[in-house]
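I opened the model to look up its salt bridges and the contact between its chains. My entries follow in the order in which I made them.

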Amino acid sequence: MDVLTSNFSTFAKGFLGTVELTVYSSVLALVLGFVMASFRVAPVGSFRVFGTVWVTVLRNTPLTLLFFAVLLGLPRFGLVLPFKVFAILALGCYTSAFICEALRSGINTVPRGQGEAARSLGMTFGQTLSMVVLPQAFRSVIPPVGSTIIALAKNSAIAGAFSVTELLGTYKTLSELGYNIIWTFFWIAVGYLIITLTISAIFNVLEKRWGVPR
Amino acid sequence: MAVDPLIELRDVNKYYGELHVLQDINLTVGKGEVVVVIGPSGSGKSTLCRTINRLETIQSGNIRLDGQPLPAEGRALAQLRAEVGMVFQSFNLFAHKTVLQNVSLAQIKVRGRKRDDADKRSHELLDRVGLASQAAKFPAQLSGGQQQRVAIARALAMDPKALLFDEPTSALDPEMINEVLEVMRQLAREGMTMVVVTHEMGFARSAANRVVFMADGRIVEDRTPEDFFTNPHSERAKDFLSKILKH
């Protein structure tokens, strides 16, 4: 127990680091995932190709490898940013591929006729997608997007290996101080639970509010 | 007959892979004309209807609306589609929006009307199709016939030059068919240009200026309803009519 009480600020720092990584990466992943899903159903062929390549590359690259590519690769091209920003980029882009596919499966649950009706009224592709198709797709993608965001929260632990402050990384400091590793991990696990259960709760509320079939 | 052509199809061909679903289609629909397309299923009549606002693309030939060739994807196509209303077999009302929002949405987003003006117009149109009291409901709360009448109001809200009906009564219970046909007859009387794909021979007889009979992707006959029903020329049409008019 005293692992937690006497090192509360270390835990808190790590906890907040993970929260920060999760929030920023989630926003990035949701925005990019939305854009890529739009690309993948666009009437323009080159957009579809771009979306498909994006998903294929990012979904099939191990996240650790992606971290190496971003953190060590991008500076070689002259792009030097704080490691935390790089970590958010890597996590966000990686997760966007999964969000994109979840959104796309949601889009596919909306009957074709809905889009056809919108287009036959003269609505553009963007209007059709944003006002008719996605609001209906949204209902069915809440659960899978929730799972993806939870996975993102846990994946953020990889950033710790690249000297970004986050929750799992606190074990290194604490084990050097000689604390029992089991209890250290126990409290780290509790920290992750707090974050993931919060995400679950948020998505449960969203589902109650929007997920009900009309 | 067609003094002032509104919809023109010239040598239109369409394939689904190997299947030649539209073969050298030539069709002109004049302003104010009501053309009913009939034929056995799989004859390409729905496809024909859907090519007119490019929900289906064609491989060759050309389609003109009010003298203008149908544009490819993009803003120009969207603008043109706004001029041609479409009513679907499965209604396709926006399931997440109320009846009123269904009718108002495109007025606001496509025609750029203010919400109040759009809603006012929607109420007028809903009143016209006899559904003024249902404006606040969601589509799933209405019967099929009511949904289809909302769909007609939604199409009319754009003040289209022509209306396309793709089997508008095929998904309806028999007792609801008439309420939809009555709205369509009313529109026909008011001079709306209409292309109607249907199996309702009674409607074809009473409201159509011309009947187009399709079989196997071709237009086999294109004549006045009176001529067609009393004296079909082709064997194909005779056979079709003998099968459907018996019972």
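**Salt bridges**

I counted 28 salt bridges over all chains, taking a salt bridge as a side-chain nitrogen of Lys or Arg within 4 Å of a carboxyl oxygen of Asp or Glu. This is a predicted model, in which local features need pLDDT of at least 70 and side-chain atom pairs count only at pLDDT 80 or more, while totals for chains, interfaces and linings use all residues. Residues are numbered from 1 along each chain as its sequence is written, chains are lettered from A and ligands numbered from 1 in the order in which they are written, and side-chain values use heavy atoms, with hydrogens and water left out.

I looked at A:Arg40 and A:Glu101, which form a salt bridge with the closest N and O atoms 2.8 Å apart. A:Arg40 lies in helix 2 (residues 8-40) of chain A and A:Glu101 in helix 5 (residues 83-109) of chain A, so the pair ties together parts that are 61 residues apart in sequence. Helices (H or I, at least four residues) and strands (E, at least two) are DSSP runs, numbered from the N terminus. A:Arg40 counts as buried at 18% relative accessibility, and A:Glu101 counts as buried at 15%. I used buried for under 20% relative accessible area, exposed for over 50% and partly exposed for in between (1.4 Å probe, protein chains only).

In chain B I checked B:Glu124 and B:Lys120, whose closest N and O atoms are 4.0 Å apart in a salt bridge. Both lie in helix 4 of chain B, four residues apart, about one turn of the helix. B:Glu124 is partly exposed at 42% relative accessible area, whereas B:Lys120 is exposed at 56%. Salt bridges that share partners also join A:Arg112, A:Glu116, B:Lys14, B:Arg50 and B:Glu56 into one network.

**Contact between chains A and B**

I found 19 residues of chain A and 24 residues of chain B in the contact, where contact means heavy atoms within 4.5 Å. The buried area is about 1,900 Å², with 64% of it from carbon and sulfur atoms; this is the accessible area (1.4 Å probe) that two parts lose on being put together, summed over both.

Which residues form the salt bridge between the chains? A:Glu116 pairs with B:Arg50, with the closest N and O atoms 2.6 Å apart. The count of salt bridges between chain A and chain B is one. Helix 6 (112-120) and helix 7 (125-155) of chain A each supply at least two residues of the side that touches chain B. Helix 6 of chain A gives the most, with seven residues.

**Helix 6 of chain A**

Seven of the nine residues of helix 6 of chain A are buried, so this helix is largely enclosed by the rest of the structure. Among the buried residues are A:Gln114, A:Glu116 and A:Ser120. What covers the buried residues includes helix 7 of chain A together with helix 1 (45-51), helix 2 (75-82), strand 6 (84-87) and helix 5 (144-156) of chain B. Just after helix 6 of chain A, A:Gly122 takes a positive phi of about 95°.

**Chain A overall**

I noted nine helices and zero strands in chain A. Of its 214 residues, 46% count as buried. The C-alpha trace of chain A spans about 70 × 45 × 20 Å along its principal axes.
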